[in-house]
Amino acid sequence: MASDRPIREAENRLEKFNADRERLLSEVERRVVARRVAEARAGGDASLEYVLNDVVYCEIKRLESSGGKNGATDRWRDLSRRLLGMTEDDKREELRGLVRHYGKDVVGNFDPRVYRFATGIGPSLLGFLFSPTSSIKEGLSSLRNLDAHIHADGAIDAARACAERGTIVVTPTHSSNMDSPAIGLGLLRAGLPPTTYGAGKNLFSNPFISFFMRNLGAYRVDRRLKFELYKDVLKEYSTVLLEHGYHSLFFPGGTRCRSNIVERNLKLGLLGTTVTAYKNNVREGAPNKRVYIVPATINYRLVLEAETLIDDYLAETGKSRYIITDDEFSRLGRILEFFRKILVHEGSVVVRFGQPLDPFGNDVTDEGESVDRAGRTVDPASFVRGANGEVTDDDQRDAEYTRALGRRLATAYPRLTVFHSTNLVARALFDAIAQAAGTRDIYRLLRAPHGQLAIDEATAIDNLVRLRARLGAHPEWGSEHPNYLLQSAADKLADGMHGLSSYHTHPAVERTGKNLQVRDVKLLYYYQNRTAHIPAEASS
């Protein structure tokens, strides 16, 4: 078992983050400005005027489309007018100012007092406040058993060994705005070091959650900003953090997965900074400052925003409503209710960590060594060196490395998926109504007559038995919750039914005599979607 040294070192480093912040920001500014100036001198479309005009155009368009206050666009219109008369030196200074402006907007903060609270009495206090207990005695019992509600497992020892040897980047799936606190508690349970992480700026609108995010190293990612300069700043900040040994966390899926399907199409922007950071380490003569990627899944019995997410996924407006600001996460009362419902169930959230990878998509051994597909140990530094042994910059090569890494993560996620009874029961019932209707098309099922949405209990149990058997034979599809492997099919059905009918505004399914009546096809579809990568059974 790895020692606690990487945890202590990470905590000490984060405690010094505020003192280091200005140096990190200055390095980001220096690199982005130098790169843009060099590209402008090389000619082409990358002139400083083009870069500045791109910012102006995108900011005016964003502010106008969002109904900004009168005068909100004045700054950008003024810059657009002044650009015509600017010298190259003026443009460079304007660029420098914008890079610093957006850098300050991105950069995080770390308060050791908040961290000690969050990792000390914070979880216990939350467990006490959110536990549906009726007495102080029962409440104190819930504090002692809080660990039972957040379960962490998987390749934890390998991840800890990598954290001791280098810098880790945790890359979890993304289902809910509760993922940030869930993965934070998961890291704590697993004995892994704390990380910095990028969080959508919209999440900071919730005062309760944003207090912790603002003070625990989260940096803000404003997905409304589409221009290249902002992306440059964001990626460079991530790169500099990794080079300086700050463990990090990215959600490769980008925003929350609306459908609840295990992510397949990953966003590779920030993921690519792992290659860049390691390349820079090798260039600086530090090839042993390794960077490791740790895949992980966050698996919920219930998802706080399920109703809003699936509505958005299925609605035509879901194509353009990229950032949801008015879902259940924005209402503190719904968060409290969510915790009250979810914490009554042992292992309500399972965080499963996978075997680490290197930035080039190679497997990593428990000792932190990279190995190729044939199992041979390889030197990761060789992937960024040319034939002469010198480090070379090759954007096309590095992009292919990142794509390979993305493919490995997408392959790992299904295997790391943990199915709660809510997922398995939803799949068993969805299979039944799909068979009765002769289609798995969700839009047709939404119009199915009431009678086709009733399943007799025996059919549901039979479907559940077969699904569990198939799952046991195919570990690449994922696995059942480890605490409930021996649960009978009847108990699994009852447990899943309770979850699907007790929390959301409308029950997904209810028992009516010997039948199970689907009340909300969309919710049923959402929870079964976690199993969507499991093929439908062939018709007999």
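Is N288 buried or exposed, and at what relative accessibility? Please go on from there to the strands next to that loop and the rest of their sheet.

Analyst: At 60% relative accessibility, N288 counts as exposed. The classes are buried for under 20% relative accessible area, exposed for over 50%, and partly exposed in between, with a 1.4 Å probe and protein chains only. This is a predicted model, in which local features need pLDDT of at least 70 and side-chain atom pairs count only at pLDDT 80 or more, while totals for chains, interfaces and linings use all residues. Residues are numbered from 1 along each chain as its sequence is written, and side-chain values use heavy atoms, with hydrogens and water left out.

N288 sits in the loop between α13 (273-283) and β6. Helices (H or I, at least four residues) and strands (E, at least two) are DSSP runs numbered from the N terminus. Along the chain, N288 and G166 are 122 residues apart, yet 7.7 Å separates their C-alpha atoms.

Contact here means heavy atoms within 4.5 Å; axes are lines fitted to C-alpha atoms, for helices over the stretch in contact, and angles run from 0 to 180 degrees between N-to-C directions. Two strands are paired if DSSP finds at least two bridges between them.

Strand β2 (residues 167-172) is joined to β6 (residues 291-300) by 6 bridges, and the two run parallel. In this pair, I168 stands opposite Y292 of β6. Strand β2 also runs parallel to β5 (residues 248-249), with 2 bridges between them; there V169 stands opposite S248. Because 6 of the 6 residues of β2 are buried, the strand is largely enclosed by the rest of the structure. In a regular strand the side chains alternate between the two faces of the sheet. From β2, T167, V169 and T171 point one way, while I168, V170 and P172 point the other way, and all are buried.

The bridge partner of T196 in β5 is S248, and that of Y197 is L249. Strand β3 (residues 196-200) also runs parallel to β4 (residues 218-221), joined by 4 bridges, with A199 opposite R220. In β3, 5 of the 5 residues are buried, so the rest of the structure largely encloses this strand too. T196, G198 and G200 point to one side of β3, and Y197 and A199 to the other, and all are buried.

C162 counts as buried because its relative accessibility is 0%, and C257 counts as buried because its value is 14%. A search of the whole structure finds 0 disulfides, a disulfide being a pair of cysteine sulfur atoms within 2.5 Å.

For comparison, there is another sheet. It is open, has 3 strands in the order β12-β15-β14, and its pairing is antiparallel. Its edges are β12 (454-456) and β14 (509-512), each with a single partner strand, so one side of each has no neighbour in the sheet. On average, neighbouring strands of this sheet are turned by 30° against each other, direction ignored. Strands β14 and β15 (residues 515-518) run antiparallel and are joined by 4 bridges, and R511 stands opposite L516 in β15. Helix α20 packs on this sheet, touching β14 and β15, and its direction makes about 120° with that of β14.

The axis of α20 (residues 489-502) also comes within 8 Å of that of α17 (residues 421-437), and the two cross at roughly 95°. The helices are therefore roughly perpendicular to each other; angles under 35 degrees count as roughly parallel, over 145 as roughly antiparallel, 65 to 115 as roughly perpendicular and the rest as oblique. Residues in the contact include L424, V425 and L429 of α17 and L493, M497 and L500 of α20.
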